[in-house]
Each structure stands twice: as structure tokens, then as C-alpha cells.
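Have a look at the sequence and model, then read on.

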Amino acid sequence: MPQDHRPTGSVRILLAEDQGMMRSALALLLGMEPDFDVVAQVAAGDEIVDAALLSRPDVALLDIELPNRSGLDAAADLRTQVPDCRVLILTTFGRPGYLRRAMEAGAAGFLVKDGPVGDLAKAIRQVLGGETVIDPALAAAALGAGPSPLTQRERDALNASVDGATVADIAVRLSLSESTVRNYLSSAIGKTGTRNRMEAMRAARQQGWL
């Protein structure tokens, strides 16, 4: 049986969304629910865990592509540092790879932003009741897509290439030799069927592997 996480009082909610207008609108709409209380709002991924430790939310609504740190990475830390907090990913990017990574990080739900707010409120109550809530179309796509072929080190090398860094720069950032970095990048290029590391990075992002 799923574990019931429903609080006895108001549902305490943390919002992580980098677009100020979207964040304010979500806070306003959720605040109209009689049993919801938005207790924290952050605009960057590296602020999520500290805000959760301070405000102790029952549910964290996290975007994925946030400044400084991915919402998926923060979700994994919330699982260990704020275990009573249920994580619900709410993103524009409904990519199968993102869904797989969210579930691996311990998220209890994954929804895209184009749904009605009533569905979001329902999903919050469902995850607090111990259920897992996933957008049906995305769940079907994820089953057919298969897991990411990239290793963690290959993902690290591609992520470190985002700002056009040289192999030498990446080697310093990852504390690796330049030849090892080249090997990881070459492997990632081969696995993504692309011609260079920038194409590999874009292809991996489109699949939700980064």
C-alpha cells in the first residue's frame, strides 16, 4: 500500500521556477486552494534545498531547467535531506529522458505546464496520498524511448561544454586528463550519432539525457 503523506493542517508548498511571472501566477492560483499554503519561492536550482530545509514543505514543485542547478539534481538531494517532502516536477519540457531521470531521483510526479491548474492541485493531493502521478502521454513515450545510453562521465563532459569551453577547460573543471575528456566526448558523439560535441550536447538535451 502507498504511504500516506498528507499533513494534518494546510499543505505547505515550495515553488522553484525561474520565470518570475509564471512563479507568481502559480503561487496565486495555488493560494486560492483553501488547504494550500505556498511557504517558499525560489528562482534558481541551487536555492531549493536550503529553502526546503528552512520552510519544511510537504510538496516541492520543481521546474527542470533552472539557473545554477537542475531541478532534477535538487530532487535527488531533497530525497535524502528533506525526506518528508514529496517532489512534483512541473516543466515545459516533456521529454522521456527527463521523466526517467525524475523517477530515478525519487520524484513522485511529473507534469507538463500546459495542463489546467485544477489538474495540478489534484496531482498535489494525489502525491501526498502516496500515489505517483505522471502525464499519460509522456509515460507512453518514455516506455518506447529506452534509457539514456550516456554514462555519468559522458554527461558531465557534455554539460561542461555548454559555454564553448575547450577540452583543456573541461579537463580542469572535471579534474580529468585532456585525453580522458576527449575519450568521453568522442564516446558521447558516437552514441548520439552526431558530428561534434556541440551537436551531441544539443541532441542529448532534446532527449532529456542532460
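1. Some ground rules. This is a predicted model, so local features need pLDDT of at least 70 and side-chain atom pairs count only at pLDDT 80 or more, while totals for chains, interfaces and linings use all residues. Residues are numbered from 1 along each chain as its sequence is written, and side-chain values use heavy atoms, with hydrogens and water left out.

2. Start with the largest pocket, which holds about 560 Å³ of space. Its lining has 21 residues, and Ser70, Asp73, Arg101, Asn159 and Leu210 lie nearest the centre. Helix 3 (71-81), helix 4 (96-104) and helix 7 (152-159) are the elements that give two or more residues to this lining, and the largest share, four residues, comes from helix 7. (Helices are DSSP runs of H or I with at least four residues, strands are runs of E with at least two, and both are numbered from the N terminus.) A pocket here is an open set of points on a 1 Å grid over the protein atoms alone, with protein on both sides within 12 Å along at least five of seven lines; a cavity is a set where a 1.4 Å probe fits but cannot get out, and lining residues have an atom within 4 Å of a point. Grid points are joined across faces, edges and corners, and a volume is the space filled by probe spheres set on the points.

3. What about the class make-up of the largest pocket's lining? It divides into nine nonpolar, four polar and eight charged residues. Ala, Val, Leu, Ile, Met, Phe, Trp, Tyr, Cys and Pro count as nonpolar, Asp, Glu, Lys and Arg as charged, and the others, Gly among them, as polar.

4. The second largest pocket has a volume of about 330 Å³. Among its 20 lining residues, Val112, Gly115, Pro116, Asp119 and Leu120 are the closest to the centre. Helix 5 gives the largest share, six residues, and by class the lining has 14 nonpolar, two polar and four charged residues.

5. The structure holds nine salt bridges. One of them joins Arg125 and Asp35 (2.7 Å, N to O). This pair links distant parts of the chain, with Arg125 in helix 5 and Asp35 in the loop between helix 1 and strand 2, 90 residues apart. Arg195 and Glu199 form another, with the closest N and O atoms 2.5 Å apart. Arg195 is exposed at 72% relative accessibility, while Glu199 counts as buried at 17%. Buried means under 20% relative accessible area, exposed over 50%, and partly exposed in between (1.4 Å probe, protein chains only).

6. Finally, the surface. Leu28, Leu29, Met32 and Val117 form a nonpolar patch with about 390 Å² of accessible area together. Met32 sits in the loop between helix 1 (20-31) and strand 2 (36-42) and is exposed, at 62%. Patch residues have over 30% relative accessible area and no salt bridge; like charges are joined within 9 Å, nonpolar side chains (Val, Leu, Ile, Met, Phe, Trp, Tyr) within 5 Å. The areas come from the Shrake-Rupley method with a 1.4 Å probe, and for residues only the protein chains shown count as cover.

Notes:
A salt bridge is a side-chain nitrogen of Lys or Arg within 4 Å of a carboxyl oxygen of Asp or Glu.
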